[in-house]
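These are my notebook entries on one protein chain. The sequence and the model are placed below, followed by what I looked up.

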Amino acid sequence: MKKRTILFAAAFLLSFAAVGQGALERGVGAEGKGLDDLAESYYRQAADTNREAALRLGMLLERRERYLEAGSWLARGDSGAVAMAHIARCHTELGRWSDAKQAAEKAVELADESDKEVRSSAMASLALTYAAEESYTNALSWAHKAVEADPQSARALNATGIILFRRGDDNGAIQQFRKALQKDPQNTDAVFNLGTLYCYRGNHDLAISTLRKGLQQNRRSTKLFYCLGWAFILKGDQAKAIECLQSVIELDSGYVNAYNRLGDIHFGRAEYNQAIEQYRHAIRIAPDLTEAYRLLGRTYAEMGNFGKAITAYQKAVTINPKDAETYCRIAELYAHQKQPKREQSNYKRAARLGHKEAQQWCTRHGVTY
């Protein structure tokens, strides 16, 4: 009886594996025909038991800009160079720089010299992690290596442009983003980067026209809808901004920054409870990202609820202990509460991190940092 049970279990497992393999093959076929919704459905059927299906599902979700879920499936797929390179990209999109660097370094280590696309993507991710640390010499070095590894890589050119932009070379950045579009006319990252740069320069109409043109190529791009919403916020057209941000959420209910920007709109209208609701929604989705905590702290401070504001800000610096600006905000709130020791402690932390206003405060008050 026991032997028969074992044989039945083995037969069941083989049958289940065959079903999974069939779903994987159907998913590959659907994806090849551009039927991404159908491909995703097939991959999900097989992904729990088939590592290749998990990897393909992660890559498909990454392409569809659903980076949180993509990273999870990619990690379940395998730990090879391809998976690591894609995981690194997901982390860079989410601003998880330490995780991105670790995955990118692993991808570079594992990738075969002939696999130029994987190596280039991983190197571009490394470049972006160094840029986030403001180590621009290292960032540009890795960006140039990424371009050398694959001169056709739009991602490598985008990374170079982002670094130049962060260094203040707007014209150089624009040139790199345009080169990326020449390599890949449908590259949403390059369109997004151009739109973002134009927003920072105050060229809101140019940003809007650029992003709308990009959406004609990819009507399901959450990042383009998001950036378009931000452009409308900056232009002062809140109705169109809300419309764009709601489109983002319809496409991806886990898009954290869409909730943060909706919260900002409510904050600007002094609708503080509605703003708090949006920021808390963002925190529920991504409790390890800091922006929503900072915005929540700002909102509570504006309401005069300094205790809750400090709690939110402290959560932000627990996640990112190098956030000097938030230490300053905490110090200001302790000053309101007339707690000079805690005020001084937080200004000292910010000063040690290089925050100039905090250093000036310490100098005025004779505090060594």
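I began with R96 and placed it in the loop between α5 (81-94) and α6 (97-110). For these labels I took helices (H or I, at least four residues) and strands (E, at least two) as DSSP runs, numbered from the N terminus. The model is a predicted one, so that local features need pLDDT of at least 70 and side-chain atom pairs count only at pLDDT 80 or more, while totals for chains, interfaces and linings use all residues. Residues are numbered from 1 along each chain as its sequence is written, and side-chain values use heavy atoms, with hydrogens and water left out.

Is R96 buried or exposed? I noted R96 as buried because its relative accessibility is 17%; buried means under 20% relative accessible area, exposed over 50%, and partly exposed in between (1.4 Å probe, protein chains only). Leaving aside neighbours within four places in sequence, I listed L68, H91, D288 and L289 as the contacts of R96, where contact means heavy atoms within 4.5 Å.

I then turned to L68, which is found in helix α4 (residues 67-77). L68 counts as partly exposed because its relative accessibility is 29%. With neighbours within four places in sequence left aside, L68 is in contact with L94, R96, G254, V256 and I285. I also looked up a C-alpha separation: L68 and A286 are 218 residues apart along the chain, and these atoms are separated by 8.7 Å.

Next I examined a helix pair. The axes of α5 and α7 come within 9 Å and cross at roughly 30°; axes are lines fitted to C-alpha atoms, for helices over the stretch in contact, and angles run from 0 to 180 degrees between N-to-C directions. I therefore recorded α5 as roughly parallel to α7, since angles under 35 degrees count as roughly parallel, over 145 as roughly antiparallel, 65 to 115 as roughly perpendicular and the rest as oblique. On the α5 side the contact is made by A81, V82, A85, A88, R89 and T92, and on the α7 side by V118, S121, A122, S125 and L128. I sorted the residues of this contact into seven nonpolar, three polar and one charged. Here Ala, Val, Leu, Ile, Met, Phe, Trp, Tyr, Cys and Pro count as nonpolar, Asp, Glu, Lys and Arg as charged, and the others, Gly among them, as polar.

Which residues have the most contacts inside the largest nonpolar core? I found I163, L228, L296 and Y347, in a core of 114 residues. Helix α7 (residues 116-132) gives the most to this core, with nine residues. A nonpolar core is a set of buried Ala, Val, Leu, Ile, Met, Phe, Trp, Tyr and Cys residues joined through side-chain atoms within 4.5 Å. Not counting residues up to four places away in sequence, I163 touches A127, A131, Y136, A139, L140 and A143.

I placed N346 in helix α20 (residues 340-352). N346 is buried, with a relative accessible area of 5%. Residues up to four places away in sequence not counted, N346 touches Y327, I330, A331 and Y334.

Last, I checked backbone angles. E134, although not a glycine, has a positive phi of about 65°, and lies in the loop between α7 and α8 (136-149). K338 is also a residue other than glycine with a positive phi, near 55°, and its place is in the loop between α19 (324-336) and α20. I recorded E134 as exposed, with a relative accessible area of 56%, and K338 as exposed, with 72%.
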